[in-house]
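Welcome to this short tour. Open your viewer, keep the selection tool handy, and follow along stop by stop.

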Amino acid sequence: MELEDNVFQCPSCGGDVEYSPEQGNLKCPYCDTEFDIDALKAAEEILKRENRDEFKWEDSSFPCYDEEEGVYSYRCSSCGGEVVLSGSEISTFCPYCGENLICSGNISGALKPDFIIPFKITKEEAKKALVDYYKDKPLLPDDFSNRNHIDEIRGIYVPFWLFDAECEEKLCCRAHRTTSWPQGDYIYTTTSYYLVRREGSVTLERVPVDGSETMPDELMESIEPFDFSEAVDYKTAYLAGFYASKYDVEASSSEERANERIKKTTEDLFLFPLRARYQGLSVASSFLEMKNGRRRYVLYPVWLLNTRYGGRTYTFAMNGQTGRFVGEVPVDEKKEKKRLVLSSALFSSLFFLFFFLISLIG
Amino acid sequence: MKRSYLVLLMLLLVLPLSARTLFMDQAGLLDEADSDVVQQSLMSLSNREGMDVVVVTTNSYGGKDSRSYADDFFDYNGYGRGVDRDGILLVHNPVAREYYFSTSGHAIEAFNDDAIDYLEEGITPFLRSGDYKGAYLKFASLAENVMEIYYSGEAFRREEGPGGFFFPAWLLVSLVLGCVSGWFYVSTLKRRHRNVSSRSDADDYLKKNSMDIVRDEEIFLYRTVSRVYRPRNNNGTSSTHVSSSGRTHGGGGGRY
């Protein structure tokens, strides 16, 4: 900014501007830009400060299962999915692919969840939601919807890591505000440039990250949120009649996803009111420092149905507490082409009729 | 200047209408029968619309350019109706292959630049093919369209030029729009087959009233001022100039 004694560079056009003390604010002789040299220097200093986001998660110790609880791990010989069941049932089906499961032993020593949200939506309700989901889809292949596979829908307790964090955010933005007014034959526009700083703190509670490798993160995030106020202390008895997906993503591996989501929400929260205040806004720097980061291990209820069709797996998943569901079903290409041709023909005729009528009126 | 060929015309402000010559075929391009047809057409149009619509043919401008010739011909032959001498005159020179439209009085406003372009586009195909009678009659009919729009209180705009329902063009447009709509409809149906979406934020997990702002400041850096010329808000523009008699004319012309 400062080239030599009392000569500065204009922040708008780059021209050299000489500073005379009696003037106060500087005015560029080339482009009439007015600027406050002290503020510019201060802004430069602020922007130079280097900081990095800091996420510190406490290492908490979790309770573990003991042998007496009778919780067994099962592995699917086909898809490799691993589930946990209470009681050593002789044979059961994999909730992910429908193949047989093989008991791989008691899971004593494995982490025990802190909390569990019991299923609230019954299997019948989940099945009804699935049938309704199929209804308004004219492109669904007939043999997909006709298949009698809806009974295979399974209730699974999915492991989640919950992250609590107190975040301190330091946000620094470049912003400008523009005003225009007509005067004589010209329209004048003044643009004022600012450096805006917003700092403060906010607390996030129970940000969930799916702790099961077999469950796609995208799918689990789609059926969020779960209402934690209905969570109860974990008891193995809740597992009766349901599968539980075994956690296989360590808490530390889930942190990255939690950090991303926490960062985005915090930054957006601090940025949000600025959008209304300025016409132009860009983030110059944003630093987040997290305190008292805590992790917990919970089981959330999910209804799940995987269907193989045309060499692909289509998944229906439903939040077993709120009933929110997501799904993917195949598209019948023949039906799609037929629809495309017919609807295009119909729309073309309507447009043609419309233009014809317009020409008659005009 | 030699003006022996000029015909003396009476200036009439109101009815009864004159039998003045509105078609002056000095170049002798049309036979008598065709001349009569053009003259009748111009006459009935002029009477209907209350503006003189004149066509002059000449092989020479007598040392002037097409614009001055057209303006002077209009002024010195007393064309134009009403106090403002409303009228439009088309000069056609088959030797130079040029034409020029001169407008006067209210016709300056009625025949704005868009309207002059509209007339030019209408008559040049006829002039090129040597169908002079067709060109003059086309001029009369297009001029009528323009005057109708003017009397309806609107400014003539290029796109408002009356056009018929052109079948193949509209069929093509309908097909394109129809296919786009069909594709859009099917895409919407397909989109319903998948409603999985990842969440990149954690907005659902903000603790209520936990936000505490400790700093909220703005540092003024600099200010720029710029200005742009403000164009006048006009309903169609008419370019004008002043003729040798000191009167204002509008119009335009070109070669074919």
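Two residues are in contact when they have heavy atoms within 4.5 Å of each other. This is a predicted model, where local features need pLDDT of at least 70 and side-chain atom pairs count only at pLDDT 80 or more, while totals for chains, interfaces and linings use all residues. Residues are numbered from 1 along each chain as its sequence is written, chains are lettered from A and ligands numbered from 1 in the order in which they are written, and side-chain values use heavy atoms, with hydrogens and water left out.

**Stop 1: chain A as a whole**

Select chain A and switch to a cartoon view. Chain A has 6 helices and 16 strands (DSSP runs, H or I of at least four residues for helices and E of at least two for strands, numbered from the N terminus). Of contacts in chain A between residues at least 6 apart in sequence, 73% join residues at least 24 apart.

**Stop 2**

Select Met318(A), which sits in strand β15 (residues 312–319) of chain A. Is Met318(A) buried or exposed? Met318(A) counts as buried because its relative accessibility is 4%.

Next, select Leu85(A) in strand β7 (residues 82–86) of chain A. Leu85(A) is buried too, because its relative accessibility is 4%. Its C-alpha atom is 6.5 Å from that of Ser73(A), 12 residues away along the chain. Leaving out neighbours within four places in sequence, the contacts of Leu85(A) include Val71(A), Tyr72(A), Phe242(A) and Tyr243(A).

**Stop 3: a loop in chain B**

Move to Thr58(B), in the loop between β2 (52–57) and α2 (66–76) of chain B. With a relative accessible area of 7%, Thr58(B) is buried. Show its side chain: a polar atom there lies 2.7 Å from the backbone oxygen of Ser60(B). Not counting residues up to four places away in sequence, Thr58(B) touches Gln26(B), Tyr69(B) and His92(B), among others.

**Stop 4: where the chains meet**

Show both chains together. The contact takes in 83 residues of chain A and 55 residues of chain B. In chain B, His193(B), Tyr205(B) and Tyr222(B) lose the most area to chain A, together 13% of what that side buries.

How many salt bridges does the rule find across the interface of chain B and chain A? There are 10, each a side-chain nitrogen of Lys or Arg within 4 Å of a carboxyl oxygen of Asp or Glu. To see one of them, select Arg192(B) and Asp136(A), whose side chains meet at 3.4 Å, N to O.

On the side of chain B that touches chain A, the elements giving two or more residues are α6 (167–191) and β5 (212–229) of chain B. The largest share, 18 residues, comes from β5(B).

Finish at β5(B) and strand β5 (residues 34–35) of chain A, which run antiparallel and are joined by 2 bridges; strands pair if DSSP finds at least two bridges between them. Here Phe35(A) stands opposite Tyr222(B).

Key: Buried area is the accessible area (1.4 Å probe) that two parts lose on being put together, summed over both. Buried means under 20% relative accessible area, exposed over 50%, partly exposed in between (1.4 Å probe, protein chains only). A polar contact is a pair of N or O atoms within 3.5 Å; within protein, one must be able to donate a hydrogen and the other to accept it, and residues adjacent in sequence count only if both atoms are side-chain atoms.
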